[in-house]
Amino acid sequence: MSLPRKVDPVSTTLLQRIKESLDSLNEKMEVMIEIQKHGSRGTNQSEIPDVLDVMTLLSLPDHLRKTAVTLCKLNHATADQVAEQTKRARAVESGYLNQLVLMGYIKKERRGRKAFFYVEREENQNERKAPWAKS
Amino acid sequence: MGKIIAIHSYKGGTGKTLLSINLAALYANRGKSVVLLDLDFRAPSLHAIFKVQDTDYWLNDYLNGVCEIQKVLVDLSQTYTKKGRLLVGFANPSTEAIREMTAKDRKWEMKALGRLLSLKPSLLSDIGLDYIILDTSPGLQYSSINAIVSADVVLVVSGMDISDIKGTQRMIDELYELFEKKTGLIMNKVFADILLSKTQRSELANKLMNSYSLPMIEMIPCFCDVLRTGSSTIFATEEQEHPFVKTLDRVATTIENL
């Protein structure tokens, strides 16, 4: 029996959903592997301030520091874009980025099928105005 | 794309500001477009050297998110260079501003890092400037570490004082190496008699390079006439044939090729 040449739209949507679920599952597994590798220490959000400043960068293990500094430079990036800069595998960077999300240092948002990572630097209007600033 | 160069040291008084100013003027005199930023918010000095009393916006305002970087930069090309461009961003020297900057919290420092990192795309990529030179505060302070993280090249300036050498060694091991920065060493105010003898010079250079494990960019002798002017003369503009400028010329070329 030969396979149909065209896949109907319902099947396409279903396949896409399955792929997205697999991607999501894959990312969760990468995070679990990372946590197992490096221990759960450092992932308790209540113990660690969620500020990715230079002192935090200095305190991170080398592999996570490289990912975090790269994301700081890119501002808003996918695991692919970070991997391109660090010359490490996408799956590795995805694991590190997700670990940084769990540690509360960076944020993650989904846009369609892509996951974007970023450092939250929301501007507080009250602190924008310096006392000497001219209007 | 252009380069961001941070000039840093463990101790104060090593000559960072003097080197930053003259390196910026030297690149501008080579026809380059250069931005010089005073990141020493605890002890601002560029305003006094360039004799700028007031400005609409300070670098503090840019880091506070009050304005864009273009509003901070003062174009001093006409006074200091005939070939390139020299734009300077000043730190606010008022006591109120210094006090305010020293009381910033970690969240603010994180935002400041983001703003410093965005200088590369905004000034070097979009506008096409050649160099941003960051004159930092000494030691391990937020503003200087932020500058180091943002820079492509870090020049560490050290004197011959043993406390300076030991502190610089520690800083290299515990700071620069962690951020994988291209780093070069400048020994400043070295006794001229050591540098006159070729053997003594190379022995000293090897000894320092071994203990720092960094490439030695230059050993600059102590030029009394340069120190005597108290930074009121920008040698790279006004005394281009001076040996100090010739020495810095080699430094500028080395950085270009890094």
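**Note on the predicted model**

1. In strand 3 of chain A, A:Phe117 is the bridge partner of A:Ala77. Strand 1 of chain A pairs with strand 3 (residues 114-118) of chain A in the antiparallel sense, over 2 bridges; pairing requires at least two DSSP bridges between two strands. Strands here are DSSP runs (E, at least two residues), and helices are runs of H or I of at least four, numbered from the N terminus.

2. This is a predicted model, in which local features need pLDDT of at least 70, side-chain atom pairs count only at pLDDT 80 or more, and totals for chains, interfaces and linings use all residues. Residues are numbered from 1 along each chain as its sequence is written, while chains are lettered from A and ligands numbered from 1 in the order in which they are written.

3. The open sheet of chain A has 3 strands in the order 1-3-2, with antiparallel pairing. Strand 1 (76-77) and strand 2 (107-111) of chain A lie at the edges with a single partner strand each, so one side of each has no neighbour in the sheet.

4. Helix 4 (residues 79-86) and helix 5 (residues 90-102) of chain A pack at about 115°, their axes 8 Å apart; axes are lines fitted to C-alpha atoms over the stretch in contact, and angles run from 0 to 180 degrees between N-to-C directions.

5. B:Asp75 belongs to strand 3 (residues 74-75) of chain B. B:Asp75 counts as exposed because it has 10 C-beta neighbours inside 10 Å; a residue is exposed at 12 or fewer, buried at 20 or more and partly exposed in between, with C-beta atoms placed from the backbone.
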